[in-house]
Amino acid sequence: MSKAAQSTAPESPAELAADLQDERLIRTEGLGGAARAFGRRVRGGDLGSLPVVIGLVVIWVVFQILNPNFLSANNLVNLTLQCAAIGTISIGIVLVLLLGQIDLSVGSVSGVAAAILGVGFTQLHWPLWLTVIVAILAGSAIGLLYGFLFTRFGVPSFVITLAGLLGFLGLQLWILGPNSSINIPYDSWIVKFAQQTFLPPWAAYALAVIAAGGMFLSDWRRNIRRRKAGLSEGSVAVVAIRAGLLLVGLCISVWYLSTDRGTGAMFLLFVILVVVMNFFLTRTRWGRSVFAVGGSVEAARRAGIKVNRVFISVFILTSTFAAVGGLLAAARLASVSASSGGTDTNLNAIAAAVIGGTSLFGGRGSAWSALLGILVIQSISNGLTLMNLDSSYRFMITGAVLLLAVIIDSLSRRSRASHGQA
Amino acid sequence: MTMESAIVDGERSTRQPVLSLRGVSKGFGAVQALTDIHLEVYPGEVVALVGDNGAGKSTLVKILAGVHPQDSGTIEFDGQVVGIPTPSASRQLGIATVFQDLALCDNLDVVSNLFLGREISRGTLDEEEMEKRSWSLLRQLSARIPSVRIAVASLSGGQRQTVAIARSLIGDPRVVILDEPTAALGVAQTAEVLNLIERLRERGLGVILISHNMADVQAVADRVAVLRLGRNNGDFRVPEVSYEDIISAITGATDNVVVRRAERLMEAEESTERSPEA
């Protein structure tokens, strides 16, 4: 099939789709073509999420060998719940990294949001919904401040957010006041949501079908639009197989998790946030301008993109995601303290984004890297906890994995350069 | 306004310059970068703007691109006196500038770069429409880009230049300014870009070509405007001028056609001034 496709080169150009008429193009048709194109991309240094998926499999196999409880349904349900809070913070980090900037203060900002939740709800007796909104808006306001400082004074985001790291840690302690630790009542909806709400299996299966069906429909409609526009279209088989694989994968996950408590609502919220951000990044003008600014600020400016607005919007989103993540973390622990959003929150969120495949150099990455990266980090953390190793090992190993991820990022950048793609 | 209508307009108003500068001056602090510059660009004409380093070419381009406004003098576009305070004002008038560094986003593909800042969107991006238009635009320019879905980083220098020039055409401009489009290119790529410039002329666009390469200038330009130390130092029709004449106008060598012509005119003027007294 593949041989035949390649040997049909001397077709008349009129019959060919507009994007396939150049004879230098290597033709990729059908399933074999899709597989070969993938192989070429990988060899060319366009690794995408391949290293992290392989890494995740290796980590899981190693921990399963070391401790047979690691891949038990109970532990995997725990793992998903552990991922949600910092993973949400990590989505914001992905955004700011796409611009080639950094936010070092997400931990402190998440701590401020948690402190507002604790003090507002239990001490000042605000309604819970109002407290949550105030905490999230506080995050947005901090992001707006960063964006203003960055675009107005041109101070590097590294320094602004380093100041924020310290300043907002202070604000968190000030809000908490004399309370070293505040417990959030177990019967409040936010704690119930984070700790006890799991999807019933039928709903989880329904969501799996909707997700796979949605992907199939979206790909299929794109094929139809491409055909109408006179462009080449992917094969229906590839579309169907992709959607089928997703459906099978999701159903197996749902089935396995439901042998224990099931799919956590908090984890689902995190995944939905990832999907929504991925949509905005890849399908909207705003998302395109984020990638453009990350690739070249000057080129984006000359193309008429309002660069300052892009920076400010991203800083606001990053701090807002940090606040949401802080609330989720507080709700899961049902308590707020001075150590909420402490040091490893910050570093884990940044490490997750980088490990997931978002480049530190800007302009390359995807919202999915927040999900993949946090799975890697929490798997390591969870596995080491199961083996009763204390946090000293956890820090060292997470540090080593982060270093490895950055090295892979740099190497694949070099490989892209030598293959003329960087 | 569509590309077709631009061509029709161009044919109808061949007599009127699309862009004309009168007495434009610009100073930066103590340095007078441009003094009393005159320049006219007609539709369907390639004007080469040449001059040594520091002659004021880049300053002139920046004034037209809206990077910084002139201190004095007027700019007329289609016979109307206009101000160009910002880059977007320049674009809206119909002046497209391709800077020397091209200003492409290396991490984005060709389609994204072509439509950067002007994406076709109905809530979500209409990738198919943009890709279709990209192909038709590149075909019109006979551009040899194998795929529009590869990152711009993987293209050759000439192909990148082509993408940058094609991008300037997306907004249906009347005047295209090319800043050193062949500076970093090989022989074949240079020829490609020169073909492209000829195609812009065929479309009825006014082209301002900035170049240090006299071979390129003589190959495609209809007219050469020479700047020297921020002043006009000659305006030649290419078929009537020799390489040496252009070079001496650029370098300011005293014995050249401009000086001789000016001297001759001066003498004639003096003689007419003297004659009434006599």
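Among contacts in chain B between residues at least 6 apart in sequence, what percentage join residues at least 24 apart? The share is 67%, where two residues are in contact if their C-beta atoms, placed from the backbone, lie within 7 Å. This is a predicted model, in which local features need pLDDT of at least 70 and side-chain atom pairs count only at pLDDT 80 or more, while totals for chains, interfaces and linings use all residues. Residues are numbered from 1 along each chain as its sequence is written, and chains are lettered from A and ligands numbered from 1 in the order in which they are written.

**Confidence in chain A**

- Chain A has a mean pLDDT of 87, and 91% of its residues reach 70 or more; pLDDT is the predictor's confidence in each residue, from 0 to 100.
- Over residues 1-14 of chain A, pLDDT stays under 50, and the model has 12 contacts beyond four places in sequence for this stretch.
- Where pLDDT is low, the predicted coordinates should not be read in detail.

**Domains of chain A**

- Chain A is assigned domain 1 (56-197 + 264-418) and domain 2 (199-263); such bounds come from an automatic or database domain assignment.
- The centres of domain 1 and domain 2 of chain A, taken over C-alpha atoms, are 27 Å apart.
- Eight residues from domain 1 of chain A and seven residues from domain 2 of chain A take part in the contact between them.
- On the domain 1 side, α4 and α11 (265-283) of chain A each supply at least two residues; helices (H or I, at least four residues) and strands (E, at least two) are DSSP runs, numbered from the N terminus.
- The largest share of that side, four residues, comes from α4(A).
- By class, the side of domain 1 of chain A that touches domain 2 of chain A has six nonpolar, two polar and no charged residues. Here Ala, Val, Leu, Ile, Met, Phe, Trp, Tyr, Cys and Pro count as nonpolar, Asp, Glu, Lys and Arg as charged, and the others, Gly among them, as polar.

**Two helices of chain A**

- Helix α4(A) covers residues 73-98, has 26 residues and reaches 35 Å from its first C-alpha to its last, close to the 38 Å expected at 1.5 Å a residue. The expected span is 1.5 Å times one less than the number of residues in the helix.
- At A84(A), α4(A) bends by about 40°, the bend being the angle between axes fitted to the seven residues ending there and the seven starting there.
- Of the 26 residues of α4(A), 21 are buried. A residue is buried if 20 or more other C-beta atoms lie within 10 Å of its own, exposed if 12 or fewer, and partly exposed in between, with C-beta atoms placed from the backbone.
- G100(A), which follows α4(A), has a positive phi near 80°.
- Helix α9(A), residues 201-228, has 28 residues and reaches 40 Å from its first C-alpha to its last, close to the 40 Å expected at 1.5 Å a residue.
- The buried residues of α9(A) are A204(A), A208(A), A212(A) and R226(A), and what covers them includes α10 (236-258) of chain A together with α5 of chain B.
- After α9(A) comes G230(A), whose phi is positive, near 75°.

**Contact between the chains**

- Chain B contributes 27 residues to the contact and chain A contributes 31 residues.
- In chain B, α3 (87-93), β8 (124-125) and α5 (127-140) each supply at least two residues of the side that touches chain A.
- With five residues, α5(B) provides the largest share of that side.
- The side of chain B that touches chain A divides into 12 nonpolar, eight polar and seven charged residues.

**Chain B and its strand β9**

- Chain B contains 10 helices and 12 strands, and 46% of its 278 residues are buried.
- D179(B) lies in strand β9 (residues 175-179) of chain B and counts as buried because 21 other C-beta atoms are within 10 Å.
- Leaving aside neighbours within four places in sequence, D179(B) is in contact with V61(B), V98(B), F99(B), Q100(B) and I210(B).
- E180(B) is placed in the loop between β9 and α7 (187-202) of chain B. E180(B) has a positive phi of about 50° although it is not a glycine.
- E180(B) is buried, with 20 other C-beta atoms within 10 Å.
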